[in-house]
Amino acid sequence: PTSTLRRARFRAGRPRAWTHRVATPLDGELQVTLELPPATPYRLSLRDGAGRVVARGLWSSATRQSASFTVCGHRRVTVRVERNGPPARFVLRIRRP
């Protein structure tokens with residue numbers, strides 16, 4: 001598995017969704033963890049090449065959401081973070097096969 005760390009942030013007056021495409025040339029388990037400040041109402045989702053939601057983030061702590069997806073035949077997955085509150089910084093940990 002390959003691990004990647006992405007740091008990003010939302011800015012005031014900018015779009016409320018942030019996306020990042022992840023190439024998945026091999027089959028296996030894709031795991032994404034979203035780390036954010038406390039009390040930040042963001043949502044994590046994974047989407048296939050057609051834009052369908054294949055996994056949603058589940059809260060594992062007050063500052064962390066995780067989502068996983070078994071990649072089988074998909075060559076890319078889009079990670080989407082949506083904000084429903086004030087802008088803030090966040091970190092994505094992506095582990096792909």
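**Strand 9 and the overall fold: figure legends**

**View 1. Strand 1 against strand 9.** Eight bridges pair strand 1 (residues 2-9) with strand 9 (residues 89-96), in the antiparallel sense. Pairing requires at least two DSSP bridges between the strands. S3 has R95 of strand 9 as its bridge partner. This is a predicted model: local features need pLDDT of at least 70, side-chain atom pairs count only at pLDDT 80 or more, and totals for chains, interfaces and linings use all residues. Residues are numbered from 1 along each chain as its sequence is written, and side-chain values use heavy atoms, without hydrogens or water.

**View 2. Strand 3 against strand 9.** Strand 3 (residues 28-35) and strand 9 run antiparallel, joined by five bridges. L34 has L92 of strand 9 as its bridge partner.

**View 3. The whole chain.** The protein has nine strands and zero helices. Strands are DSSP runs of E, at least two residues; helices are runs of H or I, at least four; both are numbered from the N terminus. The C-alpha trace spans about 35 × 25 × 20 Å along its principal axes. Contacts (heavy atoms within 4.5 Å) are counted between residues at least 6 apart in sequence, and 76% of these join residues at least 24 apart.

**View 4. Burial and charge.** Buried residues (under 20% relative accessible area, 1.4 Å probe, protein chains only) make up 38% of the 97 residues. The protein carries 20 positive and 5 negative side chains; the centres of the two sets lie 10 Å apart. Lys and Arg count as positive, Asp and Glu as negative; His and the chain ends are not counted. Charges are placed at NZ of Lys, CZ of Arg, CG of Asp or CD of Glu.

Note on methods
Buried means under 20% relative accessible area, exposed over 50%, partly exposed in between (1.4 Å probe, protein chains only).
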